[in-house]
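Subject: Handing over the structure

Hi there,

I am passing this structure on to you, and below you will find my notes on it. Please open it and keep it beside you while you read.

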Amino acid sequence: MGKKKNNMANRGVASALATANLPLINLTNLTKDTEPAATPVARSDSEGKSSSGSLKRPGPHDDDADDDDGWQTIERGRPVKKHKKIPTPNSARYPALHFSEKSRLQSKVNLSAFRDLILYLFADGPAPQWISVSQRPEFRKVVAIMVPGLEEAMFEPGVDYSKYETPTLDQAIKQIGDGSSPDHYYPRPLSKEALPTSLQPFADMFPHLWPVKAPGDDKYGRLHSPLTTMLTAPLNKNKDKSKDKAGPDSHRDIRTRITEFLATPEELMDNGFPVHPALLPEGERRDSFKNPEGWAHTRVSKLEDGDVPESEIQQGSITAGREVLAIDCEMCLTGPGELALTRVSLVSWDGETVLDELVKPEKPITDYVTQYSGITKEMLDPVTTTLSDIQAKLLDLLHPRTILLGHSLDSDLKALQLAHPFIVDTSMLFPHARGPPLKNSLKYLAQRHLSREVQKGGGTINGHDSVEDAKTCLDLVKKKCEKGKAWATGDSQGENLFRRLARSGTAYRATAGPEATGGLPVGKTSAAVEWGDVSRSACNAATVAISCKTDAEVEAGVIRAVKGDPDGLEVPGGGVDFVWARLRELEFVQGWANRHKPNTPPVATVAEETPEVQDVNGDAEKEAVSPLEECLSTLAQRLQRIHAALPPCTLLMVLSGTGDPREMSRLQAMHSQFKKEYNTPGTKWDQLSVKWTTDEEDALRKAVKVARAGVGFLSVK
């Protein structure tokens, strides 16, 4: 009887509360042990839902309770709202990208627009005008993959890859168009039936192929680095630059060992340094290595010979137990375009001059170029020291623990006809803001970072001073070691993309809860999955850096970065917000990059990754396909696996970066050789090995236009 009275009383209280339009408290769940900090409360009847099978309303933490069963949690007297669920693909809240013919698109989309799209979704970038973004707050992740080697012509119906050839300049220009018609710059819809078999997976992932304009300068015949463009965010002009700019004067100093700045074997090869046998893979190539006539290499058997045990390194030492010598050389002309060593200077880490000698070339000097070298006939007349004498002295001075330091050191080592594997080059350490092949001059670097004037000859007889130049390189590297890797890395023209996302990343209510309504500044995590040593590039600013040697490793790295590590020790659990990656094997097959690198693995193909097909007689058979088609099939499958691994509400972006740069590179090298010969004193026009006329100039402009014609793909998983 008493229990029945209690139930009637409870119903009376509940009725009174409902009449007063107050929250209905589940009295049956309240006990003496209930903590007031988190009290389950039911919404009003107009908001809640009742169970169809029972009069009892499920609790907020019951296994069979839905999110909208009418319960909410009260903490300190206030309701705590739950994060929104990830919307379903058919939901009106699902994020999407839309292209309309009414959009403000009057030319090809620049590559930088794809970078700005990332900044708009995840940071403080402006809204894009070339594409419509719906449900911006719902984007969970962005994955951007650069695939050099992709061309629009590969997606043409009926293309035969076994006969695929690079079109002539005129043919390529005709395919690209002059940009006067929307057909030249509007995105092309992808139809699976119209695509070659190897590229049909693209139609399953992407609705359009976008013509993309790579960064460059048509007037001067230059193609700028697409990598630098994508990974450098423009400075925000609407904010205080002193706070917004992560330049050399605003970052946190991190003392760094000089060994962190050693050029990798790949970088040495790419920058034309003489080959040292220690850079070659172990085996026949290294064992059978022979120096060219007149050349020498330092006594280093393998790269590990330069390692210094930690027990031998003084605490806090920047040199890490290594001997550091800065070197600079002066050269004179002994023939058209032929430079010969005439002075070599060597300076120790303490700034003391170790070696400073004049050298007599074997051939007669035709031009002392005193305004640059500082060398005169009177200085060299009494000299008897030869190149072989200098080589012998340097071989005694340079041991396995010696680091050679200089500016554009490849030129000095070629003049010395000497190879050494441990190099720190200031032209690589302080990259040009517009990327390779441009390099900063030593004069500029001294002015910019040391507030020092060097090479003040100004074309006079004073010329350069090799000791002064060597000391300048030394001081630049010392300051770099004191400041850290991030100092003076080209941020003067912008800010590293990974740092911008970490600093200005924005979260929204859909992903960060009610407190992020309208946008909440938070740090966005990132990952860089790249070929080579990621720590030595702009990718070192990413939250997670994954170095790879093959496209298969890149694929695995992207999936790992998206999903996260189970223990979350390296890649955060649940993955990072932004992933940058580059697949390069198509670039190598196309011949767009230098394949002659040590330790470069062979390109994987479909034939190697898929089982053989058995015919009716049980014999294994393989369909003969071209290397290009195999590579494209492998690429499409890799992208398909990456796409399948992405979580919902993820933007996938695939970019070629550039068009075919080979003809442009050939003409640029030809122009460089022409200028070198033309500017050599005493050279006559009819003696030049190459000619440069308006015809070559026009051809270069066309080649640059072809090289700037890239492609891109966008989709939301």
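Predicted model: local features only at pLDDT ≥ 70, side-chain atom pairs only at ≥ 80, totals over all residues.

Two strands count as a pair if DSSP finds at least two bridges between them.

**The open sheet**

Let's begin with an open sheet of 5 strands, whose order is β16-β15-β14-β17-β19. The pairing in this sheet is mixed. At its edges are β16 (353-358) and β19 (423-425), each of which pairs on one side only. If you compare neighbouring strands of this sheet, they are turned against each other by 30 degrees on average, with direction ignored.

Which way do β14 and β17 run relative to each other, parallel or antiparallel? Strand β14 (residues 323-335) and strand β17 (residues 402-406) pair in the parallel sense, and 4 bridges join them. To find this spot on your screen, look for Val324, which stands opposite Ile403 in β17. As background, strands of a sheet pair through backbone hydrogen bonds, either parallel or antiparallel.

Two helices lie across strands of this sheet. Helix α12 (residues 387-397) lies across β14, β15 (338-348), β16 and β17, and α12 runs at about 170 degrees to β16. Helix α16 lies across β14, β15, β16, β17 and β19, with an angle of about 55 degrees to β15.

**A buried strand**

Next, please find strand β7 (residues 141-146). Why can we call β7 largely enclosed by the rest of the structure? The reason is that 6 of its 6 residues are buried, where buried means under 20% relative accessible area. Lys141, Val143 and Ile145 point one way from β7, while Val142, Ala144 and Met146 point the other way, and all are buried.

β7 also has strand partners. It runs parallel to strand β28 (residues 650-655), and 6 bridges join the two. In that pairing, Ile145 has Val654 of β28 as its bridge partner. β7 pairs in the parallel sense with strand β25 (residues 578-582) as well, over 5 bridges. There, the bridge partner of Met146 is Arg582 in β25.

The crossing of α23 and α24 is left-handed. From α23, the contact is made by Glu663, Met664, Leu667, Gln668 and Met670; from α24, it is made by Glu696, Ala699, Leu700, Ala703, Val704 and Ala707. The residues of this contact divide into 8 nonpolar, 1 polar and 2 charged.

**Salt bridges**

How many salt bridges are there? The count comes to 30, and here are some of them.

The side chains of Arg255 and Glu482 meet in one, at 2.7 Å from N to O. This pair links distant parts of the chain, 227 residues apart: Arg255 is in the loop between α7 (241-244) and α8 (265-270), and Glu482 belongs to helix α16 (residues 466-483). Arg255 is partly exposed at 47% relative accessibility, and Glu482 is partly exposed at 35%.

Another salt bridge joins Asp305 to Lys302, with the closest N and O atoms 3.2 Å apart. Asp305 is partly exposed, with a relative accessible area of 25%, and Lys302 counts as partly exposed at 35%.

Asp565 and Arg560 form one too, their closest N and O atoms being 2.9 Å apart. Is Asp565 buried or exposed? Asp565 is buried, because its relative accessible area is 11% and buried means under 20%. Arg560, at 28%, counts as partly exposed. Elsewhere, salt bridges that share partners join Asp124, Glu495, Arg500 and Arg503 into one network.

**The chain as a whole**

Finally, let's step back. The secondary structure comes to 24 helices and 29 strands. The chain has 717 residues, and buried residues make up 46% of them. Among contacts in the chain with a separation of 6 or more, 69% are between residues 24 or more positions apart.

Enjoy exploring it, and do write back with questions.

Best wishes

Conventions:
Residues numbered from 1 in each chain as written. Heavy atoms only, no water. Left-handed = near helix turned anticlockwise from the far one by under 90°. Contact = heavy atoms within 4.5 Å. Nonpolar A, V, L, I, M, F, W, Y, C, P; charged D, E, K, R; others polar. Buried < 20%, exposed > 50% of the residue type's maximum accessible area, 1.4 Å probe, protein only. Salt bridge = Lys/Arg side-chain N within 4 Å of Asp/Glu carboxyl O. Axes fitted to C-alpha atoms, helices over the stretch in contact; angles between N-to-C directions.
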